[in-house]
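Good morning, everyone, and thank you for making the time.

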Amino acid sequence: QLQLAESGGGLVQPGGSLRLSCAASGFTLDDYSIGWFRQAPGKERVAVSCMTSSGDNIYYADSVKGRFTISRDNAKNTVYLQMNGLKPEDTAVYYCAAATGLYGRCGVLIKAPPGLDAWGQGTLVTVSS
């Protein structure tokens, strides 16, 4: 069974940093693209970042460009989202999702279509002073 588990969320002051992890179990991340999404209270889920399985295509939402960095460690079967310069508007539950094949293209994955291979349960990030 394909499973993803996010961790690393928490409370941080504006300007601070967090690193989120997305650990895979039941499958090997090498062949999967990973997307990070977030959902703020009362708002729709939106894509934050995506990295293809090969790492040759990376996407960032305009709102996080220059502040967030996606990376993967296939040896640890984990994908990371380094978040720097956090702002109150970054407050949200952050989710990771895995996809392969057609859905593994970032242009497709970031639209979160039905049929993605796995979703994590989410980790809460709160940016507040």
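How many helices and strands are there in the protein? Bearing in mind that this is a predicted model, we have one helix and eleven strands, and if you read along the sequence the order is β-β-β-β-β-β-β-β-β-α-β-β.

Turning to the overall dimensions, the C-alpha atoms fill a box of roughly 40 × 25 × 25 Å along the principal axes. The radius of gyration is 13 Å, which agrees with the value near 14 Å that a compact globule of 129 residues would have. Of the contacts with a separation of 6 or more, 60% are accounted for by residues 24 or more positions apart.

Let me go on to the interior, where 47% of the 129 residues count as buried. The largest nonpolar core has 30 residues, and those that touch the most other members are L4, W36, F68, L81, M83 and Y94. Several strands give two or more residues to this core, including β4 (33-39), β7 (68-73), β8 (78-83) and β9 (92-99). There is also a second, separate core of nine residues, with A47, C50, A112 and L116 among them.

Take F68 as an example: beyond its neighbours within four places in sequence, its contacts include V48, Y60, L81, M83 and Y94, and also R38, Q82 and D90.

Note on methods
Residues are numbered from 1 along each chain as its sequence is written. This is a predicted model: local features need pLDDT of at least 70, side-chain atom pairs count only at pLDDT 80 or more; totals for chains, interfaces and linings use all residues. Side-chain values use heavy atoms; hydrogens and water are left out. Helices (H or I, at least four residues) and strands (E, at least two) are DSSP runs, numbered from the N terminus. The radius of gyration is taken over C-alpha atoms; the globule rule is 2.2 Å times the number of residues to the power 0.38. Buried means under 20% relative accessible area, exposed over 50%, partly exposed in between (1.4 Å probe, protein chains only). Contact means heavy atoms within 4.5 Å. A nonpolar core is a set of buried Ala, Val, Leu, Ile, Met, Phe, Trp, Tyr and Cys residues joined through side-chain atoms within 4.5 Å.
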